[in-house]
Amino acid sequence: MAEISSDPSNPGQNVSDVLNTPHTDFDFDPKTMRNTKPGSKRLKLTLCVLFSFLLSFPMLWKSVEIYRSPLPFREIQTLSDHIQSNPVLFPFHFQAIFILSNPNNHFNPDLLRSKLFSQITKLTSPTPKCGSCTANFTLTVAVEAGHSACRLHSFGEPLPCLYKCGGGIGQINFDSDDDEAVDEALESVLGNACSSFGGKVYSVVVVVNEEKGVKAVVGKHRHAWIVGRDALETAEEVAAEVLVKLFANGGREEGLIPSEFMPVGADGKIVLSFSLLNSNPGDWIYDWDFELVDENLLAPVLEALAPIANISVESQVLYHTPKAAFSSWDENLHSHIFDAGYLPFFVNSNEWHLDTSVAAGGRSKILQFVVYVPSRNECPLLLRLPDGDVSTTNGFISPMWGGVMVWNPKSCLKDSEYNLPGRHMLSTEDLHKIFEVFMGQFRQLFGLKSNSLYVGASSTYNLLASESGFTEWELDFLSRQHTCFSLHSSATTLSSLSRLVQSLPRMIIMDDIGKQVKLSLEAEKSAHTNASIGAYGASAVCSRQARSLAEDAFYHPSIMSVSYFSFEHCFAVYSPFFLPVGMHVLLAALREWRRSKKENAKYALWSSQVKAASSST
């Protein structure tokens, strides 16, 4: 490229003319001097190309920018630390009411209160754990003996709605054999009084009369009563066991609420899938009117468990569904026997196509309940327990999967000539029996007892059953357990999401994710607030929402995008395209700047020599 220069005084003058001028008295060195002013067009052109190249970088960076909705990382960490260090403690309100039929009975009320409080403290956990009864309880002791009354408060501030002596309990006939009537009478006296406080007051009534022995009954509401002549001798131990072991801990052996998995889906839903399996339809075919079960038997259960889970029901009838293992014939029982040791092989996953639900691919929990109708060759089929006895329910459960019941048709008890391959309907009586077995299995899946007896260290208690399958105090226990698990699961999920997002700076975070995280945190705070005031159902609902929202945020479809590559990856992809060109442009601009600086120095030296020569002449 030719050199671009200019002479403002004489644009047409060339180098030879300047050298032949008579006033030039110095030696002109073309290597170090120049007598024309260097041009700036090359430098401007090169800088223009460089600046345009540099200005393209912000546009490129904007084109590959990843949108990230701001997440409350500090709040998530604070919540996680709070749940780990401060377990959720629900308030418990206990009251013990002593009814003495003989006014001449004298005893020390203060000593009674002290013993009961000591027994409760002995049964509670020494260290606070989520949902457990530690020091977060109030105790009220009331005594009725004829027309004299005494009321004592031993711990905490009791609710103003608690029973007052002379409130009508003495009029209840505790000697009656109708425990249902006694339970309803207690509910009318004690249950409605604390309705404005959520009704979460657990009561034990100790009735000392002339009846021999001791009868202990736990009602389906939040009341229990102990009746007998000797009831006062062990009143403190029995009352404390009912209040702590049953009302507070749900009758579970471990006595505490661990952070274990509950049969509830991550989205707070449960799908109850009922299947009727005909092993060999060539022998007989059975069908059922499941609408009867759904409308009359399952509806109360779904309503009772509504705060804990959103439950849906579906049913199906399958054919050609043999079991995966063989049974053996027992001459003494005249039945085919299936030992408990082979129960893992009973369910035939290859032939039993049970996962036909639309929710099978989602995050809802599916519990399978199967009625197995054996073929004629293995009917009647009985299940033998590990101790050698035959199962009374003829069924078994598989934890977190569901339950199976073997139903033997009555026709299999007849001779082999009896053959009815046509379609038969299960009777209403059979449906009720099947539902009772499934209800017991469903309770076991939630960690509750399936029978009506609880054998404690101090006494044996008769547990009244509820029409909904779960008593009120059991629902309180499940609500507390579900709240603890959901809050822990939600905090863990949000913490995992927070660490994941912070470790990948280029991960896409949509506004929906940020909104779900904020709503999950709000739901967790609401659950804590409701738990602190004893609103068990409301805390379970809020904790379920918090867990569902946290799971939705963690498994949001946009978070699975492949666009959240690292900055190093982005540099490695784009550098082969822009680095060679960019380096050439930068080096050209640097070289042109140095050349322009050098040429200007030559012109400045020549100008100074000319001025010096002119001044000397």
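1. Strands β19 (residues 453–455) and β20 run antiparallel and are joined by three bridges; strands pair here if DSSP finds at least two bridges between them. Helices (H or I, at least four residues) and strands (E, at least two) are DSSP runs, numbered from the N terminus. Leu 453 has Asn 462 as its bridge partner in β20, and a hairpin of four residues connects β19 to β20.

2. A word on the model before going on. It is predicted, so to speak of a local feature takes a pLDDT of at least 70 and a side-chain atom pair counts only at pLDDT 80 or more, while totals for chains, interfaces and linings use all residues. Residues are numbered from 1 along each chain as its sequence is written, and side-chain values use heavy atoms, with hydrogens and water left out.

3. Back to β20, which spans residues 460–463. Strand β7 (residues 214–218) pairs with β20 in the parallel sense over two bridges, and Val 218 stands opposite Leu 463. Tyr 461 and Leu 463 make up the covered face of β20, and Thr 460 and Asn 462 the uncovered one. In a regular strand, side chains alternate between the two faces of the sheet.

4. The structure has one disulfide, counted when two cysteine sulfur atoms lie within 2.5 Å. Cys 130 and Cys 484 form it, with their sulfur atoms 2.1 Å apart. The pair links distant parts of the chain, 354 residues apart: Cys 130 is in the loop between α4 (109–123) and β4 (137–145), and Cys 484 is in helix α9 (residues 472–503). The link is left-handed, with -95° about the S-S bond. Both cysteines are buried (under 20% relative accessible area; exposed is over 50%, partly exposed in between, with a 1.4 Å probe and protein chains only).

5. Glu 472 and Arg 222 meet in one, at 2.9 Å from N to O. Glu 472 lies in α9 and Arg 222 in the loop between β7 and β8 (223–228), so the pair ties together parts 250 residues apart in sequence. Glu 472 is partly exposed at 27% relative accessibility, whereas Arg 222 is buried at 12%.

6. Glu 474 forms a salt bridge with Arg 443, their closest N and O atoms being 2.7 Å apart. Glu 474 is in α9 and Arg 443 in helix α8 (residues 428–445), 31 residues apart. Both are buried.

Conventions. Salt bridge = Lys/Arg side-chain N within 4 Å of Asp/Glu carboxyl O.
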